[in-house]
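Colleague: I have a model open and several labels to check. Can you take me through them?

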Amino acid sequence: MFKGSCLCGSVTFRVTGNLTPPSACHCGQCRKQSGHFWSATNANDADFELITSDSLRWFSASDIAKRGFCSDCGSFLLWKRTGSERISISMGSFDDPTRQTLARHIFVADKGDYYQITDSIAQLETS
Ligand SMILES: [Zn+2]
Ligand SMILES: [Zn+2]
């Protein structure tokens with residue numbers, strides 16, 4: 001079981017199933033919302049449970065997905081593709097070590113110009 005929360009602790013969740021190897025997303029939307037690139041794992045909806053979520057808000061930056069964040073502290077926590085049965089969860093929101101390893105960079109064509117990707121994992125132009 002994996003537990004996580006936003007910075008202020010108003011939004012808390014747990015994941016009971018497996019996490020997928022995380023991706024680091026360099027798209028413009030993730031960079032705007034997170035302040036840098038955004039690393040996230042995926043879980044099945046059936047394995048994901050919000051424990052407390054009064055301050056959770058969803059923002060749709062496009063038609064294809066919505067982005068969940070805490071309206072009290074601003075933490076960017078969740079990304080949900082419309083119609084998908086999976087949810088993306090911010091790696092930074094987990095309370096304890098997850099024993100996951102970053103697997104790939106995605107949307108590197110949109111990355112910021114102020115940093116280099118210097119590790120040896122895959123770099124995908126889109127997703
Ligand atoms: Zn919060
Ligand atoms: Zn992104």
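Colleague: What makes the arrangement around the zinc ion (ligand 1) tetrahedral?

Modeller: The 4 donor atoms subtend angles of 105 to 113 degrees. Four donors count as tetrahedral if all angles lie between 85 and 135 degrees. The angles of 105 to 113 degrees therefore make the arrangement tetrahedral.

Colleague: Which atoms are the protein donors of the zinc ion (ligand 1)?

Modeller: They are Cys6 (SG), Cys8 (SG), Cys70 (SG) and Cys73 (SG), lying 2.3 Å from the ion. Donors are N, O and S atoms within 2.8 Å of the metal (3.2 Å for Na, K and Ca), and water is not among the atoms, so sites may look incomplete. Cys6 sits in the loop between strand E1 (2-5) and strand E2 (12-15), while Cys70 is in strand E7 (residues 65-70), 64 residues apart. Strands are DSSP runs of at least two residues, numbered from the N terminus.

Modeller: A word on the source. This is a predicted model, where local features need pLDDT of at least 70 and side-chain atom pairs count only at pLDDT 80 or more, though totals for chains, interfaces and linings use all residues. Residues are numbered from 1 along each chain as its sequence is written, and side-chain values use heavy atoms, with hydrogens and water left out.

Colleague: Why is Cys6 called buried?

Modeller: Its relative accessible area is 4%. Buried means under 20% (1.4 Å probe, protein chains only). Cys6 is therefore buried. Cys70, at 1%, counts as buried too.

Colleague: Why do strand E6 (56-62) and strand E11 (122-123) stand at the edges?

Modeller: The open sheet has 8 strands in the order E6-E7-E8-E9-E4-E3-E10-E11. E6 and E11 each have a single partner strand, so one side of each is left without a neighbour in the sheet. Two strands pair if DSSP finds at least two bridges between them.

Note on methods. Chains lettered and ligands numbered in written order. Tetrahedral: all angles 85-135°; square planar, octahedral: opposite > 155°, others 65-115°. Helix = DSSP H or I, 4+ residues; strand = E, 2+ residues; numbered from the N terminus. Buried < 20%, exposed > 50% of the residue type's maximum accessible area, 1.4 Å probe, protein only.
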